[in-house]
Amino acid sequence: MLVAHLSDCHLTVGALGAEPAAGLLRAIGAAAAVQPRPDVLVISGDLVEHGTLEEYEVLAEVLSRSPLPVHLATGNHDRRAPLLAVFAGSEHLPLPAGSSAGAGEVRHVVEHEDARVVLLDSLVEPGEDGSHVRGAGRLGPRQVAWLEEVLTERARTPTLLVLHHPPVRVGLPFLDGMGLLDAAALGEVVGRHPQVRGVLAGHVHRQVTGTLAGAVVSSAGSTFRQSALELSSDRPPGYVAEPTTFLLHRLDATGYVVHTVAVSHAGAVLAV
């Protein structure tokens, strides 16, 4: 199974919306140009900037141009009600029976003959938790229990998990201060299910690799703008004009590898 992994599109409306929309469209085009073509494309959250209905309508318009099946996860900039108003029940966001904007997490499973992709919801909506760190994520006990059940169903099938907040410290203090608050609970589940080969994340706006209970954690860069490498302080890292990339995950019974694929600032292939 080939999975193209994009993240942090931050689509918006008005004059400021042109650049992030064009960046996402370029990334989708680059992913679709890979041969063999990826089986699925996932976007690991921060789909839009402000979580408005109008922004999700822009996202729907961009995704309508994709020749690849696209599946969506939430990030801290997203909002469930407008997201579901536009995408619930679509191929991008097929939901468990009975799901609605007020019924809990936006999560689903992509089944493939030889592999699975489980998309999780680490969004904490404003007002859901008064003690919550702004921008941080949480899966919650109910979703962790659901994940345990899902992984038990096909215990021998290679599986990838997708969520917005990396479940590991990435070494950027500002972003580590708003990470996944229940990463330890996720790690316990992953540790009991060795078929989980990779955890696909975003949030960092940089390509970062780590490990969680034996699984590879890969944070994709943003399709819009990349964070500076700020390792020595907890101030916001700011953004830099680094190349746009996406990750390509190759998963089968024989192994798991991750490729970084350039989208912008890419030169031609050179002869040896």
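The legends below describe an overall view and several close-up views of one predicted model.

Residues are numbered from 1 along each chain as its sequence is written, and side-chain values use heavy atoms, with hydrogens and water left out. In this predicted model local features need pLDDT of at least 70 and side-chain atom pairs count only at pLDDT 80 or more, while totals for chains, interfaces and linings use all residues.

**Figure 1. Overall view of the protein, with six helices and 13 strands.** Helices (H or I, at least four residues) and strands (E, at least two) are DSSP runs, numbered from the N terminus. The radius of gyration is 17 Å, close to the 19 Å that the globule rule gives for 272 residues, so the protein is as compact as a globular protein of that length. This radius is taken over C-alpha atoms, and the globule rule is 2.2 Å times the number of residues to the power 0.38. Along the principal axes, the C-alpha atoms fill a box of roughly 45 × 45 × 40 Å. Of the 272 residues, 55% are buried; buried means under 20% relative accessible area, exposed over 50%, and partly exposed in between (1.4 Å probe, protein chains only). Contact means heavy atoms within 4.5 Å. Among contacts between residues at least 6 apart in sequence, 68% join residues at least 24 apart.

**Figure 2. Surface and charges of the protein.** The 19 positive and 29 negative charges have mean positions 4 Å apart. Lys and Arg count as positive and Asp and Glu as negative, while His and the chain ends are not counted. The place of a charge is taken as NZ of Lys, CZ of Arg, CG of Asp or CD of Glu.

**Figure 3. Strand S6 (residues 159-162) and the strands paired with it, S5 and S7.** Two strands pair if DSSP finds at least two bridges between them. S6 pairs with strand S5 (residues 116-119) in the parallel sense over four bridges, and Leu119 stands opposite Val162 of S6. S6 also pairs with strand S7 (residues 196-201), again parallel and over four bridges; here Leu161 has Val199 as its bridge partner in S7. In a regular strand the side chains alternate between the two faces of the sheet. Both faces of S6 are covered, with Thr159 and Leu161 buried on one side and Leu160 and Val162 buried on the other.

**Figure 4. The hairpin of strands S12 and S13.** Strand S12 (residues 245-252) runs antiparallel to strand S13 (residues 255-262), and eight bridges join them. Two residues lie between the strands. Thr245 has Ala262 as its bridge partner in S13.

**Figure 5. Gln143 in helix H4 (residues 141-153).** Gln143 counts as buried because its relative accessibility is 1%. Leaving aside neighbours within four places in sequence, Gln143 is in contact with Glu105, Arg107, Leu120 and Asp121. Val106 is 37 residues from Gln143 in sequence, and their C-alpha atoms are 9.7 Å apart.

**Figure 6. Asp176 in helix H5 (residues 173-176).** With a relative accessibility of 14%, Asp176 counts as buried. Residues up to four places away in sequence not counted, Asp176 touches Val168, Arg169, Val170 and Gly171. Pro166 is 10 residues away along the chain, and its C-alpha atom is separated from that of Asp176 by 9.0 Å.

**Figure 7. Ala22 in helix H1 (residues 18-32).** Ala22 has a relative accessible area of 31% and is therefore partly exposed. Between Ala22 and Asp78 there are 56 residues of sequence separation and 19 Å in space, C-alpha to C-alpha.

**Figure 8. Backbone geometry at Pro36, Asp46 and His203.** Most residues other than glycine have a negative phi, and most peptide bonds are trans. The peptide bond from Gln35 to Pro36 is cis, with omega near -5 degrees; Pro36 is in the loop between H1 and strand S2 (40-44). Asp46, not a glycine, has a positive phi of about 50 degrees. Asp46 lies in the loop between S2 and helix H2 (53-63), and is buried at 2% relative accessible area. His203, also not a glycine, has a positive phi of about 75 degrees. His203 lies in the loop between S7 and strand S8 (208-212), and is buried at 6% relative accessible area.
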